[in-house]
Amino acid sequence: MTVEQPLLGGTANRGRVVRVGDTVRRPLRPASAATHALLRHLEAVGFDGAPRLLGVDDRGREVLSYVEGEAVVPPYPPWAMTDAALVSVAHLLRDYHDATSGFRADRHEWSSTVPAPFRGDGVTTHNDPNLDNIVFRDGRAVALIDFDLASPGSRAWDVACAGRLWAPLRAAVDVTDARRGAGVERFRRFVDAYGLTGKERASVVEAVPETHDWCYAVVAGGAQAGNEGFADYWWHGGADRAARTRAWYAGNLAALRESLA
Ligand SMILES: Nc1ncnc2c1ncn2[C@@H]1O[C@H](COP(=O)(O)OP(=O)(O)OP(=O)(O)O)[C@@H](O)[C@H]1O
Ligand SMILES: [Mg+2]
């Protein structure tokens with residue numbers, strides 16, 4: 001009998017992502033054709049920081065390669081809160097964007113659209129580089145997983161999204177690990193490690209609240225549409241935390257801008 005081992009950590013597909021041997025099975029979605037084209041492109045250009053697409057199984061689920069390692073899920077291990085881990089995420093994101101540069105994302109239908117000022121530099125953004133969507137080995141980020149929200153975007157957009165989650169940029173009350181109080185400094189470190197250029201460094205600060213609102217619109221929309229994982233998250237603390245983060249931006253984006261100037 002085939003053993004299906006539940007993989008925990010995600011919200012959108014909670015309870016529906018399983019490991020079978022060396023593979024992962026996930027539900028198909030309306031934008032799967034687009035994300036599959038992206039995964040095939042990444043394989044074709046030899047980018048090894050993403051799972052390989054292996055097909056669709058007899059139950060209509062996508063089959064991906066299982067990436068050996070550890071995604072960062074609560075309670076967060078201390079090694080994942082270090083600057084070394086943060087810098088490795090920035091390097092992985094940079095390599096991923098470089099690998100997408102020859103991919104014609106405009107030829108596909110994606111699940112959502114990044115606001116116009118933050119797309120158009122030719123990269124396909126991941127859009128959900130949360131802690132549980134990055135696999136580590138030996139304390140170093142080695143692969144992005146879960147490309148469900150990918151779309152045409154820009155480097156500044158994805159750096160803002162990853163940076164605000166990994167720094168993190170939010171009220172101190174919402175940071176219960178060693179990263180507390182270090183958000184602005186760690187965000188700058190992330191931007192430096194990625195290697196954003198002068199103009200992109202200004203754009204990345206503007207993108208921070210935009211990516212926040214964009215991601216939470218996905219979560220709130222999913223909650224309203226009846227997705228159980230999103231509803232649990234949103235109605236049991238997520239909505240309040242998002243409001244606190246928004247208020248934190250109002251008081252701290254000037255300092256962030258200054259630290260990147
Ligand atoms: N290809 C893979 N290789 C290794 N582990 C994986 C892989 N895909 C998923 N996982 C593990 O399963 C967990 C949940 O998977 P996934 O991110 O696909 O779920 P999700 O519900 O779609 O997440 P989200 O809420 O971020 O949309 C991940 O956090 C990771 O630990
Ligand atoms: Mg996920």
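Good morning. I begin with the ligand: the shell around ligand 1 draws at least three residues from each of domain 1 (5–65) and domain 2 (70–260). These domain bounds come from an automatic or database domain assignment. The model is predicted, and local features need pLDDT of at least 70, side-chain atom pairs count only at pLDDT 80 or more, while totals for chains, interfaces and linings use all residues. Residues are numbered from 1 along each chain as its sequence is written, and chains are lettered from A and ligands numbered from 1 in the order in which they are written.

Which residues come nearest to ligand 1? Of the 23 residues around the ligand, these are Leu7, Gly9, Gly10, Ala12 and Ala71. A residue is near a molecule if its C-beta atom, placed from the backbone, lies within 6 Å of it. By class, the shell has 11 nonpolar, six polar and six charged residues. Here Ala, Val, Leu, Ile, Met, Phe, Trp, Tyr, Cys and Pro count as nonpolar, Asp, Glu, Lys and Arg as charged, and the others, Gly among them, as polar.

Let me turn to the two domains. The centres of domain 1 and domain 2, taken over C-alpha atoms, are separated by 21 Å. Their contact takes 22 residues from domain 1 and 28 residues from domain 2; two residues are in contact if their C-beta atoms, placed from the backbone, lie within 7 Å. On the side of domain 1 that touches domain 2, the residues divide into 14 nonpolar, six polar and two charged.

Next, the sheet. Three strands form an open sheet in the order S6-S8-S9, with antiparallel pairing. The edge strands, each pairing on one side only, are S6 (70–71) and S9 (140–144). Strands (E, at least two residues) and helices (H or I, at least four) are DSSP runs, numbered from the N terminus, and two strands pair if DSSP finds at least two bridges between them.

Two bridges join S6 to S8, and alanine 71 has valine 135 in S8 as its bridge partner. Four bridges join S8 (residues 134–137) to S9. Isoleucine 134 stands opposite leucine 144, and phenylalanine 136 opposite alanine 141. S8 and S9 form a hairpin with two residues between them, and aspartate 138 in the turn has a positive phi of about 50°.

Thank you for your attention.
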